[in-house]
Every structure is written in structure tokens, then in C-alpha cells.
Amino acid sequence: MKTVSAGKRGDKVRSDCYIEITKKTSGGIKLKLQSKVQTMYGTQIEDQIFEMCRFFALRHADIIIEDFGALPFTIAARFELAIKRLEPSLTCEFLPDFNQANNYKTTKDRFRRSRLYLPGNEPKFYPNAGLHKPDGIILDLEDSVAPTEKDAAQLIVRNALRSINFYNSERMVRINQLPKGLEDLKYILPQNVHVILIPKVENAEQVQQVEAEVEILKKKHKIKNDIFFMPIIESAKGVMKAFEIATASKYNCALTIGLEDYTADIGTQRTTEEKESFMARSTIVAAAKAAGIQAIDTVFSDVNDMDGLRKSTEEVKSLGFEGKGCIHPRQVKAVHEALAPTEIEIEKAKKIVIAFDEAKSKGLGVVSIGSKMIDAPVVKRAENTIKLAIKNNLLQTDWKSN
Amino acid sequence: MKLVKNAAGRFVPTSVNGEKQIPYKGMNKYRPTGNKANPKISTCIDFPSDGNKVVINLREALKKAGLKDGMTISTHHHLRNGDVVTNMMFDTIKKMKVKNIRWFPSASFPCHSHLIKYLEDGTIHHIEGSMNGPLGKFTTEGKMSGTGVLRSHGGRYQAIQDGEVKVDIAVIVAPTADPFGNATGDRGPSACGLLGFALADSQYADKVIIVTDNLVPFPCIPWQIQGNNVDYVVKVPTLGDPKKIVSGTTEVTKSPDRLLIAEYVAQFLEDAGIMKDGFSFQAGAGGTNLAFALFLKEKMKAKNIKARFIRGGSTKYLVEMLEEGLTDYILDGQTFDLEGVRSMRENANHVNTSPFTSYNFHGKGNFASMLDAVVLGATEVDLNFNANVVSHSDGYLLHGIGGWQNCLFSKCTILAIPSFRDRIPVIVDDVTTLVGPGNLIDVIVTERGIAINPKRKDLLKAVKNSNLPIRTIKEIYNEVNELCGGKPNKPKVNKKEVVAVIKWVDGTLLDSVYKVLK
């Protein structure tokens, strides 16, 4: 008789559960449930488990559940995992209802100032992540997930994308390094994922492999909307091929850099002065801009050093980056503030936008302020500055009428 | 047990532990008349003329005080979870073979789970105060001989003053005292800050025993408790574990969600125009509350605003505000860390208060209603803004009321709470136990948005143009239920077996706690 387990247990475990299944040949389903929320949700949990047993045609088994207040999407993922560990040949998926609030779309050029990493096997962080208003949420299947729990994270992330409202944050997933990452796509692609982060990219081919797999899955699941890519460059090789990578797919929306791995690769360490990564960063910025996509900086890993985060963000802004990675929700606001336009920048942008409006209303092809001609990219940049200023409450939406 | 429906729609017993009860009559509807209770007449010639009231040990003091079966003994929670005296006292009472004590603490802590064996063997008949942690579990499972009575800090003063509770012996632990019985909490190896919770007991109990581990020659200055009210003084080697009496430092929460709630509260006070020169607020020691004070401090500094007074639970964060000139006074109800104790000792503008000044129903007014804003927690809030602070959704008693009920009378009462914990919704359709009527609760601040009581049209209007996420409580409720997988089930209880009752601040019965069926 085979016994399998899934999930987590222990004194410190919260909003998760541990499941053990022993398959039997007779006797029906025997469920032993011990739950922190027994009084409030004991019957609901039992109903959910019996429903899933019927779905997977599990008829005879002893099931032990230790529940630490797991939400339904987590229980479903843990139970499906246990069943699939019991019967690895099973391919059917038990999909929780798709939350209608999760149908929102994205655009290639939306703001990506902050992207908040959430470890793929830690569902307790999910329900409130979007409340901190990062521009993007990254459900991470890669480095934050233990190699033995990759299968667990695939199901947790799939269910989270269906059930959990991320409140208009862009819905991103970091897949594993190829080829494992191609398998990840099967789980996440049908769940209205917006951006795929591809780790450790060193050549254009890797991006194209992802694109090819995405095209197949889009056809299969009749997905109409665009799914964008954000290649992460994390090695010297990748830096040297940055432009090739940035232009590898028309679905690339941004290029980003992972400095922990990059500094290891070049045989050094990250310092607060960050001289060691200056060339790599500038290369990423130039490659991204030449390709017409966004340049996004790495994460700031000291969650207690808010001043350091602000300083680093201001610095990379001056290098040309438009966003930064966050590993803690409290970093989001600091990043947004550091990337916000200055008063001088806003005033300049206002003048340009107003001059552009005037030129348009007069039917002029050329925009100018005084004797100075203004190019189209400058106007676009000014419009972006205005949008950012409004997002940061530095400017009223109706500023033109004031 | 006969139950009647009170004005809040809750069923309460007509009699508790053999004493007739008055059901809650509605907000500000009950006014007792007659005279306040009187302590017995004492005569100074019965006491040592040299002022030395020291007796050899607690057993001797209890014996001299005339301890006998069925008496009411009061203790206080100044020493919080570091208290060893209460446990030692009941060990002594057990050895003296005295039974059926009514224990009347100002609060209980997990360290008092030691007393469960005395509840089981009949040494203690029942508890009137708070039933926290293991004591709450014991009570809710129907194992206590009598019925528990939960009162607020103000309600405790009220019950003593109007004679509802007659204290036979008050045992007051004092971090510093003199042989005459003058006592203070602001110094000594077990310093805890102030002794305000013991004030009523020192004035009204038949016999008053001071227990100290730091006996100084007369006079003990300051005398927070006056020796003129004291019968006996006992010196013991230690009052408890100083690390658990006050924490060395109080920690601000690191939880991003709680920080978000704290930030919303501070911004609410600013956007609603409550934060203005000369205003006042109360903040406690919970992690969210500390963070709120820090966020508010930044806003006050940015706008150059100074408070007239802050009510504590003081901590080093409030002390910093006092020392940086962001408030004229701290009016302190209890001190949570060593910085608070130091400040109270050294700074004349850090003033100690008592439930008499702050909360008492039978005073000619009290401070609670004068505060511009208070920030409190809760275990549950319902769609009518009714709140619970004593039990959890599984029906078990877990916390005391503390000053919570009394604080609800502020001009703007804010509950800063998560909308759910793990898979436990905090916003529910109906609270498990009613402790705070919704018409006193003005604002609920959660990580999912801020709900303003619809009757506070002024507040709704004040934040109309704020970018805070103002929502209805129903919207937050629906969202949380959806997330948790539907409405939570109610605990199975025996509606005929009341294990504890909740007093309102005026002494009437607001709600009952029932025996939980397993």
C-alpha cells in the first residue's frame, strides 16, 4: 500500500496544510481531518476533499489532513499534488473556479516600476500581495522553490492565478530555466498570465523556444491576447548578447538583469557602490532602449535598508532603468517614490505636452517651445512623465484645466 | 439558569453566581441611584504607631486579614505575564485549606494557567476579571464551578464603587514600598510603571496587603498607593520575571499587511482633519498600534502639529514623541517597556492615571470621551459595527476586555484589524460575543479598505476626497467570505449553559458566553 504526502506541517506553518494519502483496495474514503478552523470550515473542507476524490476517481483510501488555516485554493493544490504523487500518470486537472476579477488585461508599454516576487510554494503571501499596489506580481517557480517541490509550486501558482485577486497588478510568472520552464508553461498559460519572466537567458534562441511553446499553447487553449516576455540576463554571456536577446521576440516587453547570479558569474560580489555591475546595467539599458522595450533593474535584497533601496533606485533611474524588483511589499512604495518624476521634470513635461496640444489644434506638423523644436520621442517621454506624476499623486488628472 | 433578552438582542441570565443581574438597557439608559459603597471604618490607634506594618510572610498576612472560605480576593496585572505572586498566593491559600475563593483580578495572563488546578479542586470558585488563554479554554469548556464575569477596567472600578463587588482582601504587588504601605511601581528591580489598577481596591477593600521585593525606609516616594489604606506589608525575594513584566523594548510589527493598516489609520486621522494642533489620541502596545503612532508622528512632524496629550499604554515611541515636543503630556494607563517606566519616573509631563480618572462610570465624567481618537483591536466585527474582543469565532474565550469598552467613548473610535486571519474572517455577519455596541464604533480599518459607520456622516464627508480606499463594511465582508470559501460556521454551544457573562461599563449584562460543545 502506497502512502504519499504533500504540503507543509509544523508549528510555524500558517495558511497551508499537510496531506497524506494511503491508497487502499476497499473500505471507501476514510478522512481524518485536524484543522485550526475546524469549527468554522471543517465541513467545507470535508466536502471539498470528497468532491476531489470523486473527480480523481479515488475510491478507497485513508486520508490524513493537518490544516493550518489553508484557503480553498491551497487545499485543492495540495490534494491534487498528493493524488498526482500517488498516480503520476494522471493528467486531468482539478481547476478552482476562475475568479472573474482576474480577467483584466495588460499592455506592452504599461508601467513596470515595481515587480514583487512571491515564492511559488508559499500561498500565505498571496491574498494580500496586490494590496501593496506593485505594478506587477511575480509568482516565482524558479529559485525560491526547493527542487523537490517544483511540482507543488506549479499547482499552487496555477490555482492562485485562477483564484486570487491581485488587484490590477500585472500577473507575471517566473518559469524555471529551460527546458523545465517549458513544462511550467502548460500550467500557467491558460490562467490569464500577462508576462513570462525567463531566467538565465544567454541567447535569442531560448526566448524563441519559449515563444514557440507559448504559440502552441495559445492555439490549444484559444488564447487571443498577447502574452509578453521579460528575459532576465544573469551572466556575462547574457550581457554580451543583450541586444540579440532584447530583439529575439516581438513579445518582449522588457529586459531585466539578475545581479546576484551575474556578480557570481564574473567572479565578484555585490557591493553598495555597485561599480562591478555598472557596465552590465548600462548594456542592458542600451540594448532594451535600442529594441524599443523597457529596461528593468534587479532586486534590492536588504529589506531592512529602505534608505539604501531609495538611493539605489534613484541611481538606476539615472542610468535609464524604469523599474526595480522587490522582494518585500514594503519596498514597493519606496521604489515608486524614488522613480517618481521630480518637480522640474513635471514642469518641463507639462510645457511640452501643452505645446504639443497647441501644435495639434493648429494643425502644425512641428512642435516647438520658443525657438526650440521638440521631437516625437521627447513628447512621448513627456506624456509618460505626466502619467507617472498622476500615478504618484503629484499632479491632478485634470491638470490642464488648472 | 433563566435567560432574558436584553436591549442589544442578546440573551443574558437574570442571576449570576446567586446575584441578581440587570440586563443591558441600551446606550446610556441605566443610571443607578443611592450612595456609593463604603469601606469599613478603621481607626489609626489599631495600627502600629511607628508605622511598621511588616509581617513575616504572605500566609501570616492572609491569616491576620481573616481569610476564610468564600471570600473575594483581588489581584492586579501590573506584573503582566511575569507575575509569580498570584500563583504563590493561591499555593498558600491551598495550604491553608481555604475554599471557594472568588478571584477578582484586574486581568489574567498565561502565567496564571498554574491556577487551573485550584479551579479544579475548589480552592477558587470562579473568576471575575478576565479569562485569558488556558483559563479561557477551561472556562469555555464549562469546567469552572461558578460563572465567569468579564468587566472592563472602568467596569471594575464601577463594580467596586457601587457595591456590586465587595473585596475582602486586596493583595497588591508593589515594585517598591515602605513599611507603612506607601507603594510605587515606577522603580525597583521589578519596576512596572504604575499601580493604577489597584487604586480602587486599596480604597475599598476590607483588608489591603502590599507585597514587595524592594522594601525601602519610610517614605516611599512617590506613593502611588497610600500607606494609610494598607493593613500589612510583606517582603518577598522576588515579584517575578522582570523580562515578562515589561519588555526591554517593544517591537513594531514587521508584517507588511499590518504596517499597511497602520499607515491607513494615520492617513485617516490626517485626511479626516482629526490630526490638528492640540488634538489627543490613544495608542496601545500592539504591533499595529505602535506602527500607527510612528506613521502619525511623521505626519505630525511634516505638518508641524503638536498634540495636547496622548493616552498610553506608553512605550518608547510615545516617550520619544513627548521628548521631541510632539505632545505636551502623556496620560499613562500602563507602561509597556522600560523606556516608558523611566520616562514616568523622570518626566513630570508623563503622568500616571487610573481607571478612576480615565474610565470610571461613577465619576463626575472621565477622560475616555474627551479623546479625539482611539485605535483599538478586535477579534470580530459584524456588519452593524458591533465588535468582540474576548472570544474567537470558535466560541472560546481568549482575551479580557481591558480598557477596550471604556475607550469606545472617544470622539472617533477606530478598530485597526486584519479583515481575516489565515482562514478566519474577522468581519462577520454577527459577532460570537457582543462586547462593544456598534453605535460607538466609528471606523474599521483593514488591509482591504476602510469602512466608516454610516451614522458618522461627518467622517464620510471629511474623507470624501481622500485617496484612501473607503468602502462599505459589506463589500469587505463579501470579499473576505469569497476568499475564505463561504460564510464561516458558528460554534456549537449549549445555549442553556452560560459559562461567563460580559458586563457593559455601567454594570448591566451585555452578553453571555456559552459552553462550547466538542
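**View 1. Strands 8 and 9 of chain B meet in parallel.** Glu128(B) stands opposite Val149(B), a residue of strand 9 of chain B. Strand 8 (residues 124-129) and strand 9 (residues 148-150) of chain B are joined by two bridges. The model is predicted: local features need pLDDT of at least 70 and side-chain atom pairs count only at pLDDT 80 or more, while totals for chains, interfaces and linings use all residues. Residues are numbered from 1 along each chain as its sequence is written, and chains are lettered from A and ligands numbered from 1 in the order in which they are written. Strands (E, at least two residues) and helices (H or I, at least four) are DSSP runs numbered from the N terminus, and two strands pair if DSSP finds at least two bridges between them.

**View 2. An open sheet of 10 strands in chain B.** The strand order is 5-14-13-10-6-7-8-9-29-30, with mixed pairing. At the edges are strand 5 (54-55) and strand 30 (509-516) of chain B, each of which pairs on one side only. Strands of a sheet pair through backbone hydrogen bonds, either parallel or antiparallel.

**View 3. Strand 26 of chain B is covered on both faces.** Strand 22 (residues 413-416) of chain B runs parallel to strand 26 and is joined to it by three bridges; here Leu415(B) stands opposite Ile444(B). Strand 27 (residues 449-452) of chain B pairs with strand 26 in the antiparallel sense over four bridges, and Val443(B) has Ile452(B) as its bridge partner there. A hairpin through two residues joins strands 26 and 27 of chain B.

**View 4. The largest nonpolar core, of 253 residues.** Such a core is a set of buried Ala, Val, Leu, Ile, Met, Phe, Trp, Tyr and Cys residues joined through C-beta atoms within 7 Å. The residues with the most contacts inside this core are Val173(A), Leu255(A), Ile172(B), Ile209(B) and Val265(B). Helix 8 (residues 256-271) of chain B gives the most to the core, nine residues. Apart from this core lies another, of nine residues, including Phe356(A) and Ile386(A).

**View 5. Surroundings of Ile172(B).** Two residues are in contact if their C-beta atoms, placed from the backbone, lie within 7 Å. With neighbours within four places in sequence left aside, Ile172(B) is in contact with residues including His76(B), Leu195(B), Asp201(B), Ile209(B) and Ile225(B).

**View 6. The side of chain B that touches chain A.** Here 20 residues of chain B are in contact with 22 residues of chain A. Helix 8 and helix 15 (473-484) of chain B each supply at least two residues of the chain B side, and helix 8 has the largest share, four residues. The residues of this side divide into eight nonpolar, six polar and six charged (Ala, Val, Leu, Ile, Met, Phe, Trp, Tyr, Cys and Pro count as nonpolar, Asp, Glu, Lys and Arg as charged, and the others, Gly among them, as polar).

Conventions:
A residue is buried if 20 or more other C-beta atoms lie within 10 Å of its own, exposed if 12 or fewer, and partly exposed in between; C-beta atoms are placed from the backbone.
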